[in-house]
Amino acid sequence: MPDDNARPHTADQSLVEVTKANRQVYFQGYQVSLPTTYADRSFYRTITDDAFLLTDPVTAEIVFSFPLPMFALNVRGRYVASYSIQGVGVAHPTKPWERKNAEYQTQFAQRQTDLPAVLGEPGR
């Protein structure tokens, strides 16, 4: 039975600090790497039912995001390269990050064509 007095689901939000030595954020036990332009800054990390977001606490700009569930092609143990996440959005990326991201997004597009049911799309 639905609980009429239940509080609505809220997003999981916290303030995270990204350092030069530790340019990563954490999601469900995974370490997600970030571009070098994110070093020595703080961000609000928000996790909703359908997205992971990092926002600038001063400007409220969404600077990093990806849809949930997370699909990534470059996962080594618990480490995930952010450029390899399907649908990742990044403000102010580095040129090498952009280049690697373009390669992985091409791979996702190819896999979507070859194996649509694996990536959540019904077969054609």
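This note goes through the predicted model in numbered points, from the overall fold to single residues.

1. Basis of the note. The model is predicted, so that local features are taken up only at pLDDT of at least 70 and side-chain atom pairs only at pLDDT 80 or more, while totals for chains, interfaces and linings use all residues. Residues are numbered from 1 along each chain as its sequence is written, and side-chain values use heavy atoms, with hydrogens and water left out.

2. Overall make-up. Read from the N terminus, the order of elements is β-β-β-β-β-β-β-β-β-α.

3. Burial and surface. The chain has 124 residues, of which 35% count as buried, meaning under 20% relative accessible area, with exposed set at over 50% and partly exposed in between (1.4 Å probe, protein chains only). Among contacts (heavy atoms within 4.5 Å) between residues at least 6 apart in sequence, 43% join residues at least 24 apart.

4. The four-stranded sheet. Four strands form an open sheet in the order β2-β3-β8-β7, and the pairing is mixed; two strands are taken to pair if DSSP finds at least two bridges between them. Because β2 (24–27) and β7 (75–76) are the edge strands, each with a single partner, one side of each is left without a neighbour in the sheet. Strand β3 (residues 30–33) runs parallel to its partner β8 (residues 79–80), the two being joined over two bridges, and V32 has V80 of β8 as its bridge partner.

5. The nonpolar core. The largest such core, a set of buried Ala, Val, Leu, Ile, Met, Phe, Trp, Tyr and Cys residues joined through side-chain atoms within 4.5 Å, has 24 residues, and those with the most contacts inside it are V25, Y38, F52, L54, F64 and F66. At least two core residues come from each of β1 (12–18), β2, β4 (41–47), β5, β6 and α1 (95–114), and the largest share, three residues, is that of β6. Leaving aside neighbours within four places in sequence, F66 is in contact with F27, A51, F52, I85, G87 and V88.

6. A buried aspartate. D56 lies in the loop between β5 (51–55) and β6 (62–67), and D56 counts as buried because its relative accessibility is 14%. Not counting residues up to four places away in sequence, D56 touches R41, F43, E61 and V63.
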